[in-house]
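Colleague: I have not looked at this structure before. Could you take me through it by question and answer?

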Amino acid sequence: RSDGKSFRLFQPSIWIAGFVALAGLATFVQYLIGADIGIDNLVYREPANTAATAYPGRMAPTTALNFLLLGLSVLALFLRRFWLSQVMVALALLISLFAVVGYAYEVRPLYGIPAANPIAIHTAILFLLLAVGVLGAQPSRGLMAVVTNETISGIAVRRLVPVAILLPIGFGWLRLLGGEAGLFDDRFGIALFALSMTVALTLIVFLFGHSLRVADAHRRRLEEDLVQQAGLLKSILTNIGDGVVVADRNGKFILWNPAAERLLGLGATEAPPAEWSHHYGVFLPDQVTP
């Protein structure tokens, strides 16, 4: 279980995650040392008439690295290393995003390195989905706690992060298309991109500021209502003739109205609950049993 309450070495999910990480590590090591340890064609043998690839049957180095990162991140969940897990997932997410943007802009260095098989576009997209899924496995811990909390900061992150990712990519892609179509030269295109980003981000900041102002006004109204209700309740408890005492789970008194003090002759005490009966002289009719 990923909550750490039980950890069994022979859980299938642990072995699957370990296998994924090991496969990614073995492939990545092959690239690093320039060797072939014979694992590339174990599951699927690349046909002879396939377009030439640097290493037949071998996954791309970025694919291997993502498998390693995602496999280790799942294992880290079982070990309750939530920050470590989410940092590794964030790296896999970043690598996949680079690849997707590289395909969108047709820039090979972003999705493939020379003398190695490039990561496929559908593979990069699926890695994005897998990374988001692993991040969502522990929504209230680590990095995701910033995203999922219901405070103003959580709302800001959920609204602004998608914009921060998609807006520059979209404007950059439009600038590239305009330049290729001959609508403007490079200098004008860069200036247009910068101006568009400035206007768009400024508009987003003002719109978000307006929504925060509305939410803050609503919060203040709720706080005022709570203060009024608390004042009314305090007034009622202070003036009724019945004794009312409230304690929390730890035995700490949080309310002790005047009627209770008159009835018992004493106010709140720091004594533990087991001593309350003797402290206040509260017993059953036999005057012995607390």
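**The core and the helices around it**

Modeller: This is a predicted model. Its largest nonpolar core has 18 residues, and those touching the most other members are Leu70, Val89, Ala99, Ile119 and Val134.

Colleague: Which residues does valine 89 contact, leaving aside its neighbours within four places in sequence?

Modeller: Val89 is among the core residues that touch the most other members. With neighbours within four places in sequence left aside, the contacts of valine 89 are Leu70, Ser73, Ala131, Val134 and Leu135.

Colleague: What span does α2 reach from its first C-alpha to its last?

Modeller: α2 has 18 residues, and 26 Å is expected at 1.5 Å a residue. The model comes close to that expected value, with a reach of 26 Å.

Colleague: Against which helices do the buried residues of α2 pack?

Modeller: Buried residues of α2 include Pro61, Thr63, Ala64, Leu68, Leu69, Gly71, Ala76 and Phe78. The helices that the buried residues of α2 pack against are α1 (12-33), α3 and α5.

Colleague: Is asparagine 66 buried or exposed?

Modeller: Asparagine 66 lies in helix α2. Beyond four places in sequence, asparagine 66 is in contact with Ala92, Ile95, Ser96 and Phe127. Because its relative accessibility is 0%, asparagine 66 counts as buried.

Colleague: How are α3 and α5 oriented, roughly parallel or roughly antiparallel?

Modeller: The axes of α3 and α5 come within 8 Å and cross at roughly 155 degrees. Angles over 145 degrees count as roughly antiparallel. The orientation of α3 to α5 is therefore roughly antiparallel.

Colleague: Which residues of α5 make the contact with α3?

Modeller: On the α3 side, the contact includes Ser85, Gln86, Val89, Leu93 and Tyr103. The crossing of the α3 and α5 helices is left-handed. The α5 residues in the contact are Ile121, Ala124, Ile125, Phe127, Leu128, Ala131, Val132, Val134 and Leu135.

Colleague: How are α3 and α7 oriented, roughly parallel or roughly antiparallel?

Modeller: Helix α7 covers residues 152-180, and its axis comes within 10 Å of the α3 axis, crossing at roughly 20 degrees. Angles under 35 degrees count as roughly parallel. α3 and α7 are therefore roughly parallel.

Colleague: What is the handedness of the crossing of α3 and α7?

Modeller: In α3, Leu97, Val101, Ala104 and Tyr105 take part, meeting Ile165, Pro168, Ile169, Gly172, Trp173 and Leu176 in α7. The crossing of α3 and α7 is right-handed.

**Single residues**

Colleague: What phi does arginine 80 take?

Modeller: Most residues other than glycine have a negative phi. Arginine 80 is in the loop between α2 and α3, and counts as partly exposed at 40% relative accessibility. Its phi is positive although the residue is not glycine, with a value near 60 degrees.

Colleague: Is glutamine 287 buried or exposed?

Modeller: Glutamine 287 is found in the segment after α10 (276-280). Glutamine 287 is not a glycine, yet has a positive phi of about 60 degrees. With a relative accessible area of 57%, glutamine 287 is exposed.

Colleague: How many Å apart in space are phenylalanine 193 and alanine 268?

Modeller: Phenylalanine 193 is in helix α8 (residues 186-239), and is partly exposed, with a relative accessible area of 28%. Not counting residues up to four places away in sequence, phenylalanine 193 touches Pro168, Phe171, Gly172 and Arg175. Phenylalanine 193 and alanine 268 are 75 residues apart in sequence, and their C-alpha to C-alpha separation is 68 Å.

Colleague: What distance separates the C-alpha atoms of leucine 264 and glycine 243?

Modeller: Leucine 264 is in helix α9 (residues 258-264), and counts as partly exposed at 31% relative accessibility. Leaving aside neighbours within four places in sequence, leucine 264 is in contact with Trp256, Tyr280 and Val282. Leucine 264 and glycine 243 are 21 residues apart along the chain, and their C-alpha atoms are separated by 8.8 Å.

Terms used. Residues are numbered from 1 along each chain as its sequence is written. This is a predicted model: local features need pLDDT of at least 70, side-chain atom pairs count only at pLDDT 80 or more; totals for chains, interfaces and linings use all residues. Side-chain values use heavy atoms; hydrogens and water are left out. A nonpolar core is a set of buried Ala, Val, Leu, Ile, Met, Phe, Trp, Tyr and Cys residues joined through side-chain atoms within 4.5 Å. Buried means under 20% relative accessible area, exposed over 50%, partly exposed in between (1.4 Å probe, protein chains only). Contact means heavy atoms within 4.5 Å. Helices (H or I, at least four residues) and strands (E, at least two) are DSSP runs, numbered from the N terminus. The expected span of a helix is 1.5 Å times one less than its number of residues. Axes are lines fitted to C-alpha atoms, for helices over the stretch in contact, and angles run from 0 to 180 degrees between N-to-C directions. Angles under 35 degrees count as roughly parallel, over 145 as roughly antiparallel, 65 to 115 as roughly perpendicular and the rest as oblique. A crossing is left-handed if the near helix is turned anticlockwise from the far one by less than a right angle, and right-handed if clockwise.
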